[in-house]
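Please open the structure in a viewer and keep the sequence at hand.

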Amino acid sequence: MKDRPDVSCTCTGRSPWPEMSRLLGPGPDRFYVCPECDRVREQVCRPDGTIIREVWHTGTDPTLPAWVQTQLDDRRPLDQLSLF
């Protein structure tokens, strides 16, 4: 059994919807990233974990916390230079 409800993104426009991965960090708010489109879903929560509202961000939104940006940067592939 999962410890959280399914969190998915509708970016593909069809089922099956891509399951979002949770980013781990401080505070009661939860952040999830879509592996397909890099959008971030923020669940603004009370200290007891109750979700107050959800906010969607682009992966490059400057209002995202620095720790979220760092984890997003770590997920992005690096440009590889050719050896020849």
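**First stop: a charged pair**

Select arginine 41, which counts as buried because its relative accessibility is 13%, under the 20% cut-off for that class. Please bear in mind that the model is predicted. What joins the side chains of arginine 41 and glutamate 54? They meet in a salt bridge, with a distance of 3.9 Å from N to O. Side chains of opposite charge can pair when their charged atoms come close. The count for this structure comes to one salt bridge. The pair connects distant parts of the chain: arginine 41 belongs to strand E3 and glutamate 54 to strand E4 (residues 51-57), 13 residues apart.

**Second stop: glutamate 42**

Now select glutamate 42, which is located in strand E3 (residues 40-45). Is glutamate 42 buried or exposed? Glutamate 42 is buried, yet it has no salt bridge. The nearest side chain of opposite charge belongs to arginine 53, 6.1 Å away; a salt bridge requires the atoms to be within 4 Å. Display histidine 57 as well: its side chain makes a polar contact of 2.7 Å with the side chain of glutamate 42. Leaving out residues up to four places away in sequence, glutamate 42 also touches others, including Asp29, Phe31 and Val55.

Return to valine 40 and show its surroundings. Neighbours within four places in sequence aside, valine 40 is in contact with Phe31, Tyr32, Val33, Val55, Trp56, His57, Leu64 and Leu72.

**Last stop: the whole chain**

Finally, select the entire chain and colour it by secondary structure. Among contacts with a separation of 6 or more, 28% involve residues 24 or more positions apart. If a surface is displayed, the chain exposes about 6100 Å², of which carbon and sulfur atoms supply 54%.

Notes
Residues are numbered from 1 along each chain as its sequence is written. This is a predicted model: local features need pLDDT of at least 70, side-chain atom pairs count only at pLDDT 80 or more; totals for chains, interfaces and linings use all residues. Side-chain values use heavy atoms; hydrogens and water are left out. Contact means heavy atoms within 4.5 Å. Accessible areas come from the Shrake-Rupley method with a 1.4 Å probe; for residues, only the protein chains shown count as cover. Helices (H or I, at least four residues) and strands (E, at least two) are DSSP runs, numbered from the N terminus. Buried means under 20% relative accessible area, exposed over 50%, partly exposed in between (1.4 Å probe, protein chains only). Lys and Arg count as positive and Asp and Glu as negative; His and the chain ends are not counted. A polar contact is a pair of N or O atoms within 3.5 Å; within protein, one must be able to donate a hydrogen and the other to accept it, and residues adjacent in sequence count only if both atoms are side-chain atoms.
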